[in-house]
Amino acid sequence: MNNKNLFACLLLSLGVWTGCKEVFSSQDSRLSQIAYAPEPYPIQIPEGLPQFEPPADNPLTVAGVALGKKLFHDPILSADSTQSCASCHLSSLGFTDGKAFSKGIDGVEGRRSAMSLINVAFYNTGLFWDGRVKTLEDQALVPVEDPVELHHRWEDLEKQLRRHPEYPGLFRQAFGIERIAEIDKYLAAKAIAQFERTLISGDTKFDQVMRGEEKFTDDEAVGYDIFFDFTDKHPDAECGHCHNAPLFTTQEYENNGITAAQSFEDYSDPGLGGVNGKKLDLGKFRIPSLRNIALTAPYMHDGRFKTLEEVIEHYDAGGEYGPNVSPVLRPLKLNKTQKRQLIAFLHTLTDRTFVSDLETQNN
Amino acid sequence: MRKFSFLLLFATLFIASSCDDDTPKPEPAGDIQITFKGNYDGETFYTQKAYDYTDDMPVRFSAFNFFVANISLLEQEDATEETELIDIDFIDLGFDETQTAEAEAGVTVSAMKVPAGTYRGLKVGFGVPADLNRTNPVDYGSGDVLSKTSHYWSAWNSYIFSKIEGVADVDGDGQFETSEGEGLTLHMGTDATYTERILFPSSPIVVDEDGSINLTLNIDLKTLFYMPINEYDVNNDELLDIETFNGTHTDSELLIAKQLMRNFSEATALD
């Protein structure tokens with residue numbers, strides 16, 4: 001390259017650089033004209049659910065939740081702009097996708113089933129099936145770069161968000177940014193976390209019965225007794241140990257005997273043990289909530305059971321042998337009627353209002 | 001005027017010095033810590049370790065935890081004067097053999113300042129006292145020990161005061177099989193099972209000003225299983241028949257739960 005060319009190149013680079021700078025400067029000045037007046041999001045917590053405790057550094061605001069909702073549903077989050085969070089977390093399926101293993105943008109299956117996001121605001125013992133992240137803000141960062149999910153790069157996504165016609169203004173309204181360059185993955189994750197914290201469901205038939213507004217049918221009432229073991233009249237299915245109300249999960253991690261294992265090394269998916277390095281936690285997974293369980297088939301971390309009937313059969317048989325299977329598992333010896341009654345009770349955990357409200361909002 | 005000024009100054013100084021005398025001096029105080037350690041038959045307790053429950057029935061525990069409440073120091077043996085230390089806390093002694101240091105160190109509840117002095121005894125409650133047991137986990141923020149839904153049983157309207165879980169090799173085939181019904185889930189709760197114990201150390205507990213002392217409570221899990229023979233129809237040399245009574249959920253099993261909690265008293269020793 002001769003000196004003339006080199007000079008031309010340098011001049012061109014400078015021109016581009018100053019041009020970019022001017023674009024950002026003018027956008028930045030337009031940004032500051034957008035009002036930043038954060039308004040607290042009016043969250044309603046149904047009676048009987050735990051206390052709502054968003055992190056102090058990410059309180060819910062109307063603009064923050066709206067931004068999070070837009071990001072959650074926007075395929076811009078994936079490298080080829082074909083998938084969003086909502087691709088695997090459909091409101092109509094209780095924020096799951098109806099598949100044993102979700103497929104990412106490259107058509108590659110993940111190794112675990114998509115988890116429901118309902119009432120995730122109350123989760124405080126780790127997220128994902130193996131508990132590998134602590135907060136929703138940390139969780140929202142992961143799927144974007146996961147090769148079997150959205151397979152994008154945050155660095156590129158940040159650029160896309162900064163040059164997008166709408167997002168800079170929405171980030172301004174949500175977080176009061178003064179410069180477009182402030183848009184980053186952490187703010188995006190905060191917004192998504194805000195939206196996810198609004199996915200609160202607590203108006204099932206079960207809740208209505210507890211509030212004295214409804215009554216169980218005879219079958220549901222027996223199923224309720226079998227589930228929680230209130231009386232000696234019916235057998236105890238031991239469900240309440242792990243799926244206690246009000247969230248229908250104790251938020252612990254357990255091995256529920258779905259994988260036969262003679263030793264700890266036999267667990268092909270290490271679960272919690274793969275995260276914390278503890279042998280005794282191998283094969284343990286987060287206990288999922290049973291709220292809206294009728295909508296979230298297939299079941300278990302690997303979606304191995306297609307129906308609730310299959311799930312009940314598994315627990316009725318007492319589970320497989322394993323070195324750290326939860327001691328609450330044992331052969332239940334439920335008869336056909338009792339199994340049906342237990343399933344009738346599980347259907348009372350579906351919040352139709354919540355699902356139909358979301359579907360209306362999304363259409 | 002000069003005389004008046006002098007009087008005014010004198011009065012002011014007098015009042016100021018009187019005020020100084022009235023200011024309460026901080027009471028001499030020292031720090032105290034309470035540590036809970038788990039044992040099984042006199043040895044350090046580990047989860048997932050096989051122990052002889054009876055000669056022909058080994059047992060492997062997976063959980064041993066409990067609430068403690070109303071812990072206080074007693075100035076006299078008649079327990080008329082108490083210095084409160086802990087309102088409520090949760091102790092989890094579920095350490096496995098990869099956690100020997102933790103198991104041997106035990107679980108220490110936070111250090112507290114108490115007035116310096118000599119104390120004769122220590123009172124410890126096991127479980128959740130009735131006033132707190134009328135609440136439930138949704139009444140508490142997530143950081144509170146009483147927010148644990150894993151330790152609340154709505155059928156009882158009560159917290160689960162203690163959980164002892166494991167698997168017993170009931171059929172003696174060398175395997176601990178929940179799939180064969182060998183699981184053990186002893187969950188204790190309801191007001192009737194709350195237990196308090198007063199412990200008197202061989203020498204008085206002396207808290208020095210600015211000093212720090214640690215009181216260690218050793219709790220022997222095996223001792224919890226001893227039952228009065230006639231009342232519970234046991235047949236294993238006074239140990240609870242865990243082949244028959246492997247769960248404590250319903251009213252019919254409340255007597256067992258009550259005795260297991262009562263046994264915390266006998267099972268606890270102060271170092």
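Reply: A:Pro298 sits in the loop between β2 (285-286) and α11 (308-317) of chain A, where helices (H or I, at least four residues) and strands (E, at least two) are DSSP runs numbered from the N terminus. This is a predicted model, in which local features need pLDDT of at least 70 and side-chain atom pairs count only at pLDDT 80 or more, whereas totals for chains, interfaces and linings use all residues. Residues are numbered from 1 along each chain as its sequence is written, chains are lettered from A and ligands numbered from 1 in the order in which they are written, and side-chain values use heavy atoms, with hydrogens and water left out.

Me: What is the omega of the peptide bond from A:Ala297 to A:Pro298, and where is A:Pro246 found?

Reply: The bond from A:Ala297 to A:Pro298 has omega near -5° and is cis. The bond from A:Ala245 to A:Pro246 is also cis, with omega near 5°, and A:Pro246 lies in the loop between α9 and β1 (253-254) of chain A. Most peptide bonds are trans, and most residues other than glycine have a negative phi. On the matter of phi, A:His151 has a positive value near 45° although it is not a glycine, and its place is the loop between α4 (142-145) and α5 (154-162) of chain A.

Me: Why are α9(A) and α12(A) called roughly perpendicular to each other?

Reply: Helix α9 (residues 218-228) and helix α12 (residues 336-347) of chain A pack at about 95°, with their axes 7 Å apart; the axes are lines fitted to C-alpha atoms, for helices over the stretch in contact, and angles run from 0 to 180 degrees between N-to-C directions. Angles of 65 to 115 degrees count as roughly perpendicular, those under 35 as roughly parallel, those over 145 as roughly antiparallel and the rest as oblique, and the pair is therefore roughly perpendicular. Among the residues that meet are A:Tyr224 and A:Phe227 in α9(A), with A:Leu342 and A:Phe345 in α12(A), contact meaning heavy atoms within 4.5 Å.

Me: What makes α2(A) roughly perpendicular to α7(A)?

Reply: Helix α2 (residues 62-73) and helix α7 (residues 185-196) of chain A pack at an angle of about 100°, with axes 7 Å apart, and that angle makes α2(A) roughly perpendicular to α7(A). Their contact has eight nonpolar, four polar and two charged residues, where Ala, Val, Leu, Ile, Met, Phe, Trp, Tyr, Cys and Pro count as nonpolar, Asp, Glu, Lys and Arg as charged, and the others, Gly among them, as polar.

Me: How far apart are the closest N and O atoms of A:Asp269 and A:Arg112, which form a salt bridge?

Reply: Those atoms are 2.7 Å apart, and a salt bridge requires a side-chain nitrogen of Lys or Arg within 4 Å of a carboxyl oxygen of Asp or Glu. A:Asp269 lies in the loop between β1 and α10 (272-276) of chain A and A:Arg112 in the loop between α2 and α3 (136-139) of chain A, so the pair ties together parts 157 residues apart in sequence. The structure holds 23 salt bridges over all chains.

Me: How many salt bridges does the rule find across the interface of chain B and chain A?

Reply: The rule finds zero there, although the contact takes 33 residues from chain B and 37 residues from chain A.
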